[in-house]
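Dear colleague,

I am handing over the structure we spoke of, and my notes on it follow below. Please read them with the model open beside you.

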Amino acid sequence: MAEPFTFVAMAGIYIHIPFCKKACHYCNFHFSTTHHQMEQMLASIKKEAILQKNYLSETIETVYFGGGTPSLLSVSQLEKLMCVIKAEYKINPNAEITIETNPDDFEEDKLEAWKKIGINRLSIGIQSFVEADLLWMNRAHNALQADTCIRMAKAAGFDNITIDLIYGTPTLSDEAWKENVEKALSLEIDHISCYALTVEPKTGLAKMIQQNKLEDVDPDKQARHFSLLMGWLGDAGFDHYEISNFCKPGKKSKHNSNYWSGVDYLGLGPSAHSFNGKSRQWNIANNALYIKNLEEDQVPFELEELTDFQRINEYIMTSLRTMEGLSLELISNKWGEQKVVEILKIAQKPILQGFMLHQNQNLILTNEGKLMADGIASDLFFI
Ligand code: SF4
């Protein structure tokens, strides 16, 4: 039975820390590998937290430190940032508080301090347990650190851990992909986010592939890895609750689930996005300009008011990626019965092709359909 899609009084905060030790070849997030502006950046993010305190009126149910690499922050830097967030916002005492971490930043003292600060969920950027694969990606950590950091986190008492894995790289054979997933299962990880390696324009990876310095990715291999993954994690008792996310029952990420169900959120820091149900806004993706504006008490962002079409299309896109699927009842309640008629008309084709199921007033992608989720969703868009 599908979970109801309701706008309840909850909200989330995302804090973007735009610094990394090393540039991973594939990455197109906003980050810098020079850290001389770190203190000014943290002062600016704190100021933004104060200036934006009225953006959300709801109780904060999730706080997420992302980036970049927030685990680079010293304990005292993170503690001071958290203090401002707690002072300016009404945080639920049971809020999910996540920090994105890289394996090479793990230290016993740091783990203890994170817990004291209130962090209760670790998102670890493992990406692979295979050395050749990590080298190909230009990750800052090695295979041993990938393994050790999870053991350290567990020993420190973290029981809510998610790891990221990347598949479909030229250096990852089917056998090595299986070993990666088996390794995660043997370490008793309850939540795994898996992404096909995409070659984004203007990344080091795109350039090196163009110059024939690195082998290109193979879309057939990526589709095969994804299909294998669905089988392995399904057999291991994981729910495939969103296209890229798998978890043991009851272990969904609250923060990401809220994004997918249209909950309001505030993004702090350069390049961070915010959403309040009516409009979306995104901060400037430039560290120096972000700092300069905040020094003048201005939050530098662009804003887009969402049209009805944008909202329904966004709902189609995000809901089809989830295991509950698209709720026709919700579409009818929010946008009218005629929209349901139009969606069902177009949905007949993927249903007949075996890519989609029509169950209990919901449209749900099958495993075959998940391989082409974006295309199926865009066919249902209203223009
Ligand atoms: S650590 Fe994360 S944010 Fe930083 S370059 Fe690598 S993938 Fe990108």
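Helices (H or I, at least four residues) and strands (E, at least two) are taken here as DSSP runs, numbered from the N terminus. The model is predicted, so local features are reported only at pLDDT of at least 70 and side-chain atom pairs only at pLDDT 80 or more, while totals for chains, interfaces and linings use all residues. Residues are numbered from 1 along each chain as its sequence is written.

Leu134 is buried because 24 other C-beta atoms lie within 10 Å (20 or more make a residue buried, 12 or fewer exposed, and anything in between partly exposed, with C-beta atoms placed from the backbone). Leaving out residues up to four places away in sequence, Leu134 touches Gln127, Ser128, Arg139, His141, Asn142 and Ala143, where contact means that the C-beta atoms, placed from the backbone, lie within 7 Å.

At the level of the whole chain, an automatic or database assignment gives domain 1 (10-260) and domain 2 (308-380), with C-alpha centres 29 Å apart. Nine residues of domain 1 are in contact with eight residues of domain 2. On the domain 1 side, α8 (219-235) and β7 (239-242) each supply at least two residues, and β7 gives the most, with four.

The largest nonpolar core has 67 residues, and those with the most contacts inside it are Ile13, Ile15, Ile163, Leu165, Tyr167 and Ile192; such a core is a set of buried Ala, Val, Leu, Ile, Met, Phe, Trp, Tyr and Cys residues joined through C-beta atoms within 7 Å. A second, separate core of 14 residues includes Leu320, Leu326, Ala347 and Leu380.

Around the ligand stand Cys20, Ala23, Cys24, Cys27, Phe29, Phe31, Gly67, Gly68, Thr69, Asn102 and Gly125, each counted as near if its C-beta atom, placed from the backbone, lies within 6 Å.

Finally, three strands form an open sheet in the order β13-β15-β14, with antiparallel pairing, where two strands pair if DSSP finds at least two bridges between them. The edge strands, β13 (326-327) and β14 (356-359), each pair on one side only. Four bridges join β14 to the antiparallel strand β15, residues 362-365, and Met356 stands opposite Leu365 in β15.

With best regards

Conventions
Two residues are in contact if their C-beta atoms, placed from the backbone, lie within 7 Å.
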